[in-house]
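Welcome! Open your viewer, and let us walk through this protein stop by stop.

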Amino acid sequence: MQTFAEELEALRAEGLYRSMRVVKGAQGSRVELDGKQVLMLCSNNYLGLADHPELRSAAVFGVAFGVGSGASRLVSGTMELHDKLEERIASFKGTEKALLFNSGYAANTGIVSALVGRGDAIFSDRLNHASIIDGALLSRADLHRYPHRDTAALERLLRDKGGNGRRLIVTDGVFSMDGDIAPLQDLVRLAKQYGALLMVDDAHGTGVLGATGRGSGELMGVMDGIDIHMGTLGKGLGSFGAYAAASATICEYLVNKARSFIFSTSLPPAVLAASIAAIELVDSPQGKELREKLAANTALFKEKLAQAGFDTMGSETQIVPIFVGPADATMEFSKELLERGIFVQGIRPPTVPSGSCRLRCTIMATHEPAELEEAAGIIAEVGKKLGVV
Ligand code: PMP
C-alpha cells in the first residue's frame, strides 16, 4: 500500500502537486504576494466587488446582528436577513422564490441529489463543474454525460435513456475552465420536448452577463425556460454563498430534501448583508458600468492574445484560457509570469482533461486597460520563450 507521503511524491513527479499562495491584504486587481505587488489575473472577483466600500459598509451593518447564525435554517438559524436576501435574489432572477446555500459546492451537491434519486436520470455536460458531478454521484441517479455542448448527442440520450423516472438536464451557464457559454436555447427546447427539468449553474455569469447582470439565461433570452437557476454570491457578486432560484414548490421541496441545506449552519449576517448590497449594486447604473468595463477589458485582452497567436479555446466571456497542453510546461509558464509580476494559475487534471492544461486568465472590471495590454505583452514574451506560440 502506498503511503500518503509517497502519493504526494508521485503527484510532484507528475507535475500535479497543488499548493496555496497567500494574498496579503484585500482582494483587488493588484495584490501583494510574497512581498511583491502583482497583477491579479486569476480571481473570480470579476466586478471588483470583494473589496467595494458599499459591500464593506453593508457587512459592518450586518454585524449589528452578531457574527454567527447559531444553527441550521430549519432549527433556529433563519434570521430576517436570510429572508430579505432570498426575496432580493428571487426578484433579481424573476422567480417565485429563492433558497440560500452556504456555497456553490454545497448548492450543487444538495440540489442535484435532492431533485433526482435511484431510477431517475441526469443528463450532464461533460465539462460541468466538479460539484455537479459530485451531486450526481450522491443522488444515485443514472448519470449520462454528453459531449461538451453537443445538443444532438444529448437529444439521442434523452430519446434512449431515462425510462419513467424524473429527468434532469444540468449545465454550467458559463463553463468555468473554458469560458464558453452553454447552448441554453437548445437546452430549453430539449427539456420541454423530453419532459426534463433544466438546471443552470450560473456561477460565472451571475452579475456579469446579460443587459442587467441576470446571467447567461438573460444573455440568451431564456430566463423563463430554466427551472432551477443556481448561482453563487462569491464570484461576480464579491460576497459568499450561493442560491437556487426557482418555483415556490421546488424551493419548498429543497428545504425538505436538500441535505447540504438541512444539515449545515446557515450563512452569517455580515455575509448576508454584503450579498444584499452586491445585488443592489449589480442592479444599479454602477453595475451596468462595471459590466461594460469588464466587457471592454476582456475584448482588449483577447485581441492582444490573438495577435500574439495564442489559442484561447473558444472563450466567450471574461474567463480567458490560454491553451498550453502538458502540465509541466503550463506550470513553468505560470511560474515565470509570477516572476514577471502576473498572478495566473495553471490548470491541470483532474480539473481539466489530461493534455489540455492551460493558464486560466480571468479579467476584472477594475483592471486598467494599460495594465492588461502590458500583461498580454509579457505573456507573449514568456509564451514565445517556452515555445507555446
Ligand atoms: N459551480 C461552478 C461552475 C464553479 O466554478 C464553482 C466554483 N469554482 C462552483 C460551482 C462552486 O462555488 P463555490 O465556490 O461558491 O463553492
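Into which domains is the protein chain divided? Select 20-51 + 285-385 for domain 1, then 53-282 for domain 2; these bounds come from an automatic or database domain assignment. Residues are numbered from 1 along each chain as its sequence is written. Keep in mind that this is a predicted model, where local features need pLDDT of at least 70, side-chain atom pairs count only at pLDDT 80 or more, and totals for chains, interfaces and linings use all residues.

**Between the domains.** The C-alpha centres of domain 1 and domain 2 are 26 Å apart. Their contact takes 23 residues from domain 1 and 20 residues from domain 2 (two residues are in contact if their C-beta atoms, placed from the backbone, lie within 7 Å). On the domain 1 side, select helix H12 (285-307) and strand E11 (319-325), the elements that give two or more residues there. Helices (H or I, at least four residues) and strands (E, at least two) are DSSP runs, numbered from the N terminus. H12 gives the most to this side, with four residues.

**The ligand.** Next, show the 13 residues that surround the ligand; Ser103, Gly104, His129, Ser176 and Ala203 are the closest. A residue counts as near a molecule if its C-beta atom, placed from the backbone, lies within 6 Å of it. Helix H4 (residues 104-115) supplies the largest share of this shell, three residues.

Select isoleucine 111. Leaving aside neighbours within four places in sequence, isoleucine 111 is in contact with Gly135, Met199, Ile228, Met230, Ala244, Leu254 and Ala258.
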